[in-house]
Amino acid sequence: MAGAGFILGVLVMLWFLASFARAETIPAQAVRYRADLTRCARVHWGLEAPVATMAAQVHQESRWRADAVSPVGAAGLTQFMPATARWMGNVDPELAQAQPFNPGWALRALAAYDRWLWDRVEARAPCERMAMTLSAYNGGLGWIARDKAVARANGADPLAWFESLERFNAGRSPAAFKENRGYPRRILLTLEPLYERAGWGRGVCGGAS
């Protein structure tokens, strides 16, 4: 009977998770920004830009609210911190005047910063590389190198993210570590497929879930 109870508990949990996933929807205001996001993504990623992935990232950052402000001061659709917003002119001269509440600036900054990070991380496959890129967007690029050193020291593959690099913490607080590890998983495995199914194009992981 104990075994049956365990199986029943697992089934209930799976049903709950499936219901939660089905409940996730694309906010109506996302459509307003779709053309701008596509254009900005192609400026820095070319015609094969992973628009569904970036749409999922905007969803996670602000749920497409251009006036969003986080408790720590991150602002706008793509939640840039003030210092990073001021620095973005080093990545793209068109972004030299920080305007995080301007949707056009925010979407171009997200695409530019993602590309800048992508070019600086090495991984075994594109999906793993985007997971590292998103981890760096959320917590800083320097942590990726430090996490890789810890993973390597523990015999894990530092070029694989899922079930490998993501398990190692080079020193973040427990709360920051939990947030940072949940960020790529939610964007790539939950939200990216949502935007793919809605016709926003193919994401980097292409339905890896």
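Which helix gives the most to the lining of the largest pocket? Keep that question in mind while you set up the view. The model is predicted, with residues numbered from 1 along each chain as its sequence is written, and local features need pLDDT of at least 70, side-chain atom pairs count only at pLDDT 80 or more, while totals for chains, interfaces and linings use all residues. Side-chain values use heavy atoms, with hydrogens and water left out.

**First stop: the largest pocket**

Select Glu61, Ala74, Gln79, Asn138 and Glu179, which lie nearest the centre of the largest pocket among the 18 residues that line it. A pocket here is an open set of points on a 1 Å grid over the protein atoms alone, where a 1.4 Å probe fits, with protein on both sides within 12 Å along at least five of seven lines, and lining residues have an atom within 4 Å of a point. The volume of this pocket is about 440 Å³, a volume being the space filled by probe spheres set on the points. Next, colour helices H3 (51-62), H6 (126-139) and H8 (174-197), the elements that give two or more residues to the lining; helices are DSSP runs (H or I, at least four residues), numbered from the N terminus. H3 gives the most, with 3 residues, which settles the opening question.

**Second stop: the second largest pocket**

Now select Glu48, Ala49, Pro50, Val51 and Arg202, the closest to the centre of the second largest pocket among its 14 lining residues. This pocket has a volume of about 230 Å³, and the largest share of its lining, 3 residues, comes from helix H2 (residues 30-45).

The structure holds 10 salt bridges, each a side-chain nitrogen of Lys or Arg within 4 Å of a carboxyl oxygen of Asp or Glu. Show the side chains of glutamate 24 and arginine 186, which meet in one of them at 2.9 Å, N to O. Because glutamate 24 lies in the loop between helix H1 (2-23) and H2 while arginine 186 lies in helix H8, the pair ties together parts that are 162 residues apart in sequence. Glutamate 24 is buried, with a relative accessible area of 12%, whereas arginine 186 is partly exposed at 24%; buried means under 20% relative accessible area, exposed over 50%, and partly exposed in between (1.4 Å probe, protein chains only).

Move on to glutamate 166 and arginine 185, whose side chains meet in a salt bridge at 2.7 Å, N to O. Glutamate 166 counts as buried at 9% relative accessibility, and arginine 185 is partly exposed at 28%.
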